[in-house]
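This report describes the strands, cores and pocket of one protein model, along with a few loop residues. The sequence and structure come before the account.

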Amino acid sequence: MRGSASIRQLGIAVIERESVAVASVAGQLDAGFEAVVQELLECKGKVLVSGSGTSHAVALRFAHLLSCVGIPALFLHPGDSQHGASGAVAAGDVWVGLSKGGETAEMTFLAGFARKRGATVLAITEAPESSLGRLADVVLHVVAPRDVDPFGFVATGSSLFYSAVCDAICVVLLELRGYAVEDFAESHPGGAVGRRIREERA
């Protein structure tokens, strides 16, 4: 049985390691980041975001935050895409695929289907030469530090890393669109956030 101090130190080490990983995103934002932002900014249709496994959770969060900053977005489940859900993709849409390795079969199917439908395909991946990367119109290539995940596979820190990438995209879009708190209030009237906005505007 470990002592409480040892347990705390293990926890502290995790937080410190993940903090370093998230900070490393800043040095990796290149022309691919700019291109992704531009495609989302100019999208005439809807934005569809997909991911499998832990990337599912990151993609779901990303779609929600895009909608929060005024970019109409929905999560499209890659598993359901081969059972009719891919019919949601249309010309003028932007499909965003989050996949660390870029070889998940359902994600590759969706990327190919989106291209066939006339949608723009964006990939956020560590593997630009992967099947997903090769199908994408724009690739945002980012690599999480290998030691941030237990065994290099349990996507704890890397999920925060990719969430930070998505946060950067959302906040930049918010700034470029001149999105104000009044705009946010229209789509977020409920809960504590909605109440706080109303009180501050009263």
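Leaving aside neighbours within four places in sequence, Leu40 is in contact with Val47, Phe62, Leu66, Ile71, Val94, Val96, Leu122, Ile169 and Leu173; contact means heavy atoms within 4.5 Å. The model is predicted, with local features needing pLDDT of at least 70 and side-chain atom pairs counting only at pLDDT 80 or more, while totals for chains, interfaces and linings use all residues. Residues are numbered from 1 along each chain as its sequence is written, and side-chain values use heavy atoms, with hydrogens and water left out.

Leu40 belongs to the largest nonpolar core, which has 35 residues. A nonpolar core is a set of buried Ala, Val, Leu, Ile, Met, Phe, Trp, Tyr and Cys residues joined through side-chain atoms within 4.5 Å. Buried means under 20% relative accessible area, exposed over 50%, and partly exposed in between (1.4 Å probe, protein chains only). Leu40, Val47, Phe62, Leu66, Val96, Ile124 and Ile169 touch the most other members of this core. At least two residues each come from helix 2 (31-41), strand 1 (47-51), helix 3, strand 3 (94-98), strand 4 (120-125), strand 5 (138-141) and helix 6. Helices (H or I, at least four residues) and strands (E, at least two) are DSSP runs, numbered from the N terminus. Helix 6 gives the most to this core, eight residues. Apart from it lies another core of 14 residues, including Leu76, Met107, Leu110 and Phe113. In soluble globular proteins, nonpolar side chains tend to be buried together.

## The parallel strands

Strand 1 and strand 3 run parallel and are joined by five bridges; two strands pair if DSSP finds at least two bridges between them. Val47 has Val94 of strand 3 as its bridge partner. Strand 3 is in turn joined to strand 4 by five bridges, again in the parallel sense. Here Val94 is partnered by Thr120, and Leu98 stands opposite Ile124. Strand 4 and strand 5 also pair in parallel, over four bridges, with Leu122 opposite Val138.

In a regular strand the side chains alternate between the two faces of the sheet. Both faces of strand 3 are covered, with Val94, Val96 and Leu98 buried on one side and Trp95 and Gly97 buried on the other. Strand 4 has six of its six residues buried: Thr120, Leu122 and Ile124 point one way, and Val121, Ala123 and Thr125 the other. In strand 5, Val138 and Leu140 form a covered face, whereas Val139 and His141 form an uncovered one.

## The largest pocket

The largest pocket holds about 300 Å³ of space. On a 1 Å grid over the protein atoms alone, a pocket is an open set of points where a 1.4 Å probe fits, with protein on both sides within 12 Å along at least five of seven lines; lining residues have an atom within 4 Å of a point. Grid points are joined across faces, edges and corners, and a volume is the space filled by probe spheres set on the points.

The lining has 21 residues, of which Ser52, Thr54, Ser55, Lys100 and Ala155 lie nearest the centre of the pocket. Helix 3 (54-68) and helix 6 (157-176) are the elements that give two or more residues to this lining. By type, the lining residues are seven nonpolar, eleven polar and three charged. Ala, Val, Leu, Ile, Met, Phe, Trp, Tyr, Cys and Pro count as nonpolar, Asp, Glu, Lys and Arg as charged, and the others, Gly among them, as polar.

## Loop residues

Phe151 is found in the loop between strand 5 and helix 6. Phe151 is not a glycine, yet has a positive phi of about 65°. Most residues other than glycine have a negative phi. Phe151 is exposed, with a relative accessible area of 74%.

Gly118 lies in the loop between helix 4 (105-117) and strand 4. At a relative accessible area of 43%, Gly118 is partly exposed. Leaving aside neighbours within four places in sequence, Gly118 is in contact with Ala91 and Gly92. Gly178 sits in the loop between helix 6 and helix 7 (181-187) and counts as exposed at 54% relative accessibility.
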